[in-house]
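Thanks for coming, everyone. I'd like to walk through one structure today, so please bring it up on your screens.

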Amino acid sequence: MVIDVAVIAFAQMPNVRAETVRNEVEMLMPVIADVRAKAGLTQADIGFTCSGSTDYLSGQAFSFVSTLDGVAPWPPIQESHVEMDGAWALYEAWVKLQLGDVETALVYCYGKSAPGPLHEVLSRQLDPYHVAPLWPDAISLAALQARMLIEAGKATEADFAEVASRSRRNALTNPNAQLAWDTAAADLLAEPCLVDPLRRSDCPPITDGACAVILASGDRARALRQRPAWIRGIDHRIEPMALGLRDLTVSLSTRTAAERAGVGNAPVDVAELHAPFAPQELILRESLGLADHANVNPSGGPLAANPVMVAGLTRIGEVAQRIMDGTATRGVAHATSGPCLQQNLVAVLEGED
Amino acid sequence: MSDDPGVLSAPLIIEYPFSRTTGPVIGAFLTGLREKVLLGIKGSDGRVIVPPTEYDSFTGEDLTELVEVGPGGEVLTWAWVRGPMAKHPLSHPFAWALVKPDGADVGFLQVVDAGSPEAMATGMRVRPRWGDEREGSIHDLACWEPDV
């Protein structure tokens with residue numbers, strides 16, 4: 001039997017290119033205070049706390065322990081951490097709530113991408129014997145995928161520019177976005193390539209950020225929030241690490257996760273997709289069965305702000321927020337990890353009328 | 001480091017002070033590179049995978065049948081780097097590419113030193129450029145060049 005679990009609160013730090021004054025704890029504390037206030041809970045009311053971050057950004061082993069201090073973990077709390085985007089911390093918290101011994105969970109994540117050379121840092125997740133020693137950057141890997149998409153006849157550079165243009169235009173209404181502007185796709189196409197066939201506008205910004213979610217199960221969720229965003233399905237799938245073993249023009253893991261999460265079981269009002277590069281949104285749309293959907297990434301998505309370790313949970317939060325405030329009834333949230341959409345998590349959220 | 005004798009300080013050096021053994025499959029691949037030989041391995045479905053993996057990514061089966069591939073190859077996709085980053089293998093503009101060696105069924109991430117993007121095309125033939133001093137690492141295969 002599955003225990004019903006819902007998002008009952010979401011908070012985020014306004015995304016910035018570089019947070020040069022505050023450290024990670026100082027970035028997080030207002031976000032955690034905000035999400036607790038929205039849920040009407042104190043740390044003493046929270047049954048399980050789970051965070052997502054990476055030591056590779058902070059250059060320090062067990063760096064999450066210091067941010068845990070910002071949560072006030074005394075008297076001792078039940079706590080865990082994943083070296084992944086916060087979306088996976090939410091997944092762990094969802095599993096924990098299935099055990100039934102606790103009814104609430106705080107999930108948070110943070111990432112300061114700005115202090116180090118992000119493209120070098122991200123290359124450390126690749127195969128250590130024959131890929132990482134070449135130091136390939138994320139833009140180049142996404143460009144290989146983009147060219148395959150073009151040469152398979154599935155998309156054009158103009159399609160990429162449409163995604164880039166629409167995302168930043170959507171971000172104009174998102175006060176937490178880092179990049180927001182109104183430039184027509186045709187004007188973006190006139191710009192030179194950064195790594196052919198990708199232009200700078202097809203790529204995400206480098207972002208510092210943090211966000212947090214509170215989950216609650218069953219009647220506890222109904223008591224705390226008038227319209228909880230119920231997680232009706234959640235699934236995570238992984239493809240092989242070697243790029244050559246995958247058809248990079250499709251996302252089989254997203255397709256499988258979407259089927260298991262039940263994306264296609266009913267109409268979707270809103271989707272927030274963790275597609276850091278413009279061509280990847282097209283691949284994800286196809287794999288989710290949302291190829292022509294009108295309301296994808298209304299927040300602007302990762303092209304408007306891409307804090308590493310945070311951008312995935314933000315997608316879940318953005319969908320949940322729209323359900324909680326009544327502007328959507330059923331939404332899809334997606335998070336990715338690894339090169340060229342290697343890992344994908346899909347969640348379906350619904351409101352009750 | 002502080003010059004104040006009353007302040008305790010210590011250097012912080014971030015390092016990874018471990019060595020790894022590469023085993024019978026990846027080790028064979030790297031040793032092959034030292035001898036200018038490219039090795040792949042037969043997957044569960046008979047496809048030849050390069051670089052070889054110890055197990056099949058789709059079935060989990062152990063793989064053991066190493067196969068010599070190359071030396072020539074074909075470009076499956078490519079990206080042109082106009083401004084190489086500090087740690088990139090070449091300091092002048094180059095292409096990243098998935099290169100499928102002859103006799104293999106999949107490509108792997110490599111560098112093609114082609115001079116200009118006009119010299120690059122999907123499906124083009126490339127040949128390996130070996131390093132002069134080879135020591136059993138991926139760097140023994142310095143890069144690939146157009147085979148015209």
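The cut-offs: buried takes 20 or more other C-beta atoms within 10 Å of the residue's own, exposed takes 12 or fewer, partly exposed is in between, and C-beta atoms are placed from the backbone.

Some housekeeping. This is a predicted model: local features need pLDDT of at least 70, side-chain atom pairs count only at pLDDT 80 or more, and totals for chains, interfaces and linings use all residues. Residues are numbered from 1 along each chain as its sequence is written, while chains are lettered from A and ligands numbered from 1 in the order in which they are written.

Back to B:Gly43. This residue sits in the loop between β1 and β2 of chain B. Helices here are DSSP runs of H or I with at least four residues, strands are runs of E with at least two, and both are numbered from the N terminus. Leaving aside neighbours within four places in sequence, B:Gly43 is in contact with B:Ile49, B:Asp56 and B:Leu63. Contact means that the C-beta atoms, placed from the backbone, lie within 7 Å. B:Phe58 is 15 residues away from B:Gly43 in sequence, and 9.2 Å away in space, C-alpha to C-alpha.

Now the sheet around that loop. Three strands of chain B form an open, antiparallel sheet in the order β2-β1-β3. Strands count as paired if DSSP finds at least two bridges between them. β2 (48-49) and β3 (66-69) of chain B are at the edges with a single partner strand each, so one side of each has no neighbour in the sheet. Strand β1 (residues 38-42) of chain B pairs with β2(B) over two bridges, antiparallel. There, B:Lys42 is opposite B:Val48. Helix α1 (residues 23-34) of chain B packs on this sheet, touching β1 and β3 of chain B, and its direction makes about 155° with that of β1(B). Angles run from 0 to 180 degrees between N-to-C directions, and axes are lines fitted to C-alpha atoms, for helices over the stretch in contact.

On to chain A. The domain assignment gives domain 1 (5-117 + 206-229) and domain 2 (122-205 + 230-350) of chain A. Such bounds come from an automatic or database assignment. The C-alpha centres of domain 1 and domain 2 of chain A lie 22 Å apart. Across the boundary, 38 residues of domain 1 of chain A are in contact with 31 residues of domain 2 of chain A. On the domain 1 side, α4(A) gives the largest share, six residues. That side divides into 23 nonpolar, ten polar and five charged. For these classes, Ala, Val, Leu, Ile, Met, Phe, Trp, Tyr, Cys and Pro are nonpolar, Asp, Glu, Lys and Arg are charged, and the others, Gly among them, are polar.

Stay with α4(A). Its axis and that of helix α12 (residues 311-324) of chain A are 5 Å apart, at an angle of about 65°. Where do they meet? A:Gly86, A:Ala87 and A:Leu90 in α4(A) meet A:Gly312, A:Leu313 and A:Ile316 in α12(A).

Chain A also has an open sheet of nine strands, in the order β3-β2-β4-β7-β1-β8-β11-β10-β9, with mixed pairing. Neighbouring strands of this sheet are turned by 25° against each other on average, direction ignored. β1(A) and strand β8 (residues 229-238) of chain A run antiparallel, joined by two bridges. The bridge partner of A:Val7 in β8(A) is A:Ala229.

What about the core? The largest nonpolar core has 152 residues, and A:Val7, A:Val107 and B:Val112 are among those with the most contacts inside it. A nonpolar core is a set of buried Ala, Val, Leu, Ile, Met, Phe, Trp, Tyr and Cys residues joined through C-beta atoms within 7 Å. Both domains of chain A give residues to this core, so it lies between them.

Last, the chain contact. It takes 24 residues from chain A and 27 residues from chain B. α6(A) supplies the largest share of the chain A side, six residues. β5(A) and strand β4 (residues 73-81) of chain B pair antiparallel over two bridges. In that pairing, A:Val195 has B:Val81 as its bridge partner.

Conventions:
Contact = placed C-beta atoms within 7 Å.
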